[in-house]
Amino acid sequence: MKQNGFTLIELVLVIAIVALLAAAITPVINSARQRAIAARILQDYETIKTACVNFNSDTGVYAQQTYDCVAEPNFCHLLNDTGIPGWKGPYLAGEFSNDFFPDIDKVVILPWLSRDWDLDGDGITDKSMWTPGNDIGIANIPEPAAKIINDSLDQSIPGDWKTTGRVYFRPASPHNTRTALILFLISRR
Ligand SMILES: [Ca+2]
Ligand SMILES: [Ca+2]
């Protein structure tokens, strides 16, 4: 008499096939997620960059987050009239956060360069630390997404993609709980 339902061997086969399909599809899903993260960050970057450039054009200084805006420091100068001559903002509709990792540091704007930059990848520093000019740092970007962003903004820059061009990538360190930090450069070249 034919047995109803699955036999043990059939069940094992089904589980094995499902596991194989899952293994095959997981990298595809991960890759799509990394591309989505990169696309969103690139979009936010362009918006923040435009705001910083417009602020600088109006005021002649570089925007920063914390100066004279203790209560609401994020994107302070881009959102609030703090008495800087020439200010015609707000330059952004609101604050930006790192939507993919909201529990970690938000997006940070610095009014100086936070490291030495080798913009053309020839091994020689082109802009030094503390040169005026906005850096935008976005914390906790996974390395694959950071690489996609790099390939978009630093297409033809030779050398190590993590240390040359306009996109830098810094993995987590014992002194930095962020898993990744990417820096964008806005300055006069
Ligand atoms: Ca250089
Ligand atoms: Ca790079």
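The following legends describe close-up views of a predicted model. Residues are numbered from 1 along each chain as its sequence is written, and chains are lettered from A and ligands numbered from 1 in the order in which they are written.

**View 1. Packing of helices α1 and α3.** Helix α1 (residues 8–59) packs on helix α3 (residues 143–153) at an angle of about 50°, and their axes are 8 Å apart. Helices (H or I, at least four residues) and strands (E, at least two) are DSSP runs, numbered from the N terminus. Axes are lines fitted to C-alpha atoms, for helices over the stretch in contact, and angles run from 0 to 180 degrees between N-to-C directions. The arrangement is therefore oblique, the class left after angles under 35 degrees (roughly parallel), over 145 (roughly antiparallel) and 65 to 115 (roughly perpendicular). From α1, Gln34, Arg35, Ile37, Ala38, Ile41 and Leu42 make the contact with Pro144, Ala145, Ile148, Ile149 and Ser152 of α3; two residues are in contact if their C-beta atoms, placed from the backbone, lie within 7 Å.

**View 2. The largest nonpolar core.** This core has 36 residues, and Ile141, Ile149 and Ile182 have the most contacts inside it. Such a core is a set of buried Ala, Val, Leu, Ile, Met, Phe, Trp, Tyr and Cys residues joined through C-beta atoms within 7 Å. A residue is buried if 20 or more other C-beta atoms lie within 10 Å of its own, exposed if 12 or fewer, and partly exposed in between. Helix α1 gives the most to this core, with eight residues. Beyond four places in sequence, isoleucine 141 touches Ile37, Ile41, Ala146, Ala180 and Ile182.

View 3. Isoleucine 186 is buried because it has 21 C-beta neighbours inside 10 Å. Its C-alpha atom is separated by 7.1 Å from that of lysine 49, 137 residues apart along the chain. Residues up to four places away in sequence excluded, isoleucine 186 touches Lys49, Cys52, Val53, Gly133 and Asn134.

**View 4. Methionine 129 in the loop between β1 and β2.** Methionine 129 is exposed, since 11 other C-beta atoms lie within 10 Å. A C-alpha separation of 4.4 Å relates methionine 129 to arginine 115, 14 residues apart along the chain.

**View 5. The cis peptide bond between glycine 89 and proline 90.** Omega is about 5° at this bond. Proline 90 lies in the loop between α2 (76–79) and β1 (107–112).

Definitions and conventions: Predicted model: local features only at pLDDT ≥ 70, side-chain atom pairs only at ≥ 80, totals over all residues.
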